[in-house]
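Reader: I am new to this structure and would like a close look at one part of it. Please pick a single element and take me through it.

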Amino acid sequence: MAAVAGAARNLTIQQGLHHLGAVVGVSEHHDAITGTSKQAVAFDYAQRLSEGITSGKVVIQNYYDMTMPLSSVPAAPEQAVCDNLNSSVCSVSESPSK
């Protein structure tokens with residue numbers, strides 16, 4: 001049963017990486033980089049990037065769950081990601097450590 005769960009988690013990681021790669025590909029379009037797209041297209045780029053970030057977070061958590069199981073806990077601790085890397089305010093750094 002553990003092998004099936006591991007295979008499913010590996011497939012989820014691969015699908016998430018594929019989705020993230022597709023989003024990065026779209027975001028590298030010259031209109032996305034230069035900002036010359038129409039507003040509706042810019043909103044679409046932003047939506048796709050948001051979905052890609054969410055997908056990336058799932059990939060990170062699933063990878064840690066698969067590679068770092070603790071002996072008494074079936075999954076790794078939940079990974080926290082700061083979405084605003086260029087900001088000094090981040091829930092990860094502002095909250096007391098656990």
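Author: The pLDDT is the predictor's confidence in each residue, on a scale from 0 to 100. The score is needed here since this is a predicted model. Over the chain the pLDDT averages 78, and 78% of the residues score at least 70. Among the elements of the chain, helix H3 has the highest mean pLDDT, 87, while helix H4 (residues 91-94) has the lowest, 71. Helix H3 is therefore the part taken up here, as the element with the highest mean pLDDT.

First, the setting. The chain has four helices and zero strands, so that its elements read α-α-α-α from the N terminus on. Of its 98 residues, 15% count as buried. The chain exposes about 7,400 Å², and 61% of that area comes from carbon and sulfur atoms. Among contacts between residues at least 6 apart in sequence, 48% join residues at least 24 apart.

Helix H3 covers residues 39-67. Its length can be checked against its residue count: at 1.5 Å a residue, the 29 residues of H3 should span 42 Å, and the C-alpha atoms at its ends are 42 Å apart, which agrees.

Next come the charged side chains. A search of the whole structure finds one salt bridge, and that bridge joins the side chains of Asp44 and Arg48, with 2.9 Å from N to O. Side chains of opposite charge can pair when their charged atoms come close. Asp44 and Arg48 are four residues apart in helix H3, so about one helical turn separates them. An α-helix has 3.6 residues a turn, so residues three or four places apart point the same way. Both partners are partly exposed: Asp44 has a relative accessible area of 33%, and Arg48 has 36%.

Other residues of the helix are covered. The buried residues of H3 are Tyr45, Gly52, Ser55, Gly56, Val59, Gln61, Asn62 and Asp65. Ser55, one of these, has a relative accessible area of 12%. Because the cut-off for buried is under 20%, Ser55 falls within it. What does Ser55 touch, leaving aside its neighbours within four places in sequence? Its contacts are then Gly16, His19 and Leu20.

Methods: Residues are numbered from 1 along each chain as its sequence is written. This is a predicted model: local features need pLDDT of at least 70, side-chain atom pairs count only at pLDDT 80 or more; totals for chains, interfaces and linings use all residues. Side-chain values use heavy atoms; hydrogens and water are left out. Helices (H or I, at least four residues) and strands (E, at least two) are DSSP runs, numbered from the N terminus. Buried means under 20% relative accessible area, exposed over 50%, partly exposed in between (1.4 Å probe, protein chains only). Contact means heavy atoms within 4.5 Å. Accessible areas come from the Shrake-Rupley method with a 1.4 Å probe; for residues, only the protein chains shown count as cover. A salt bridge is a side-chain nitrogen of Lys or Arg within 4 Å of a carboxyl oxygen of Asp or Glu. The expected span of a helix is 1.5 Å times one less than its number of residues.
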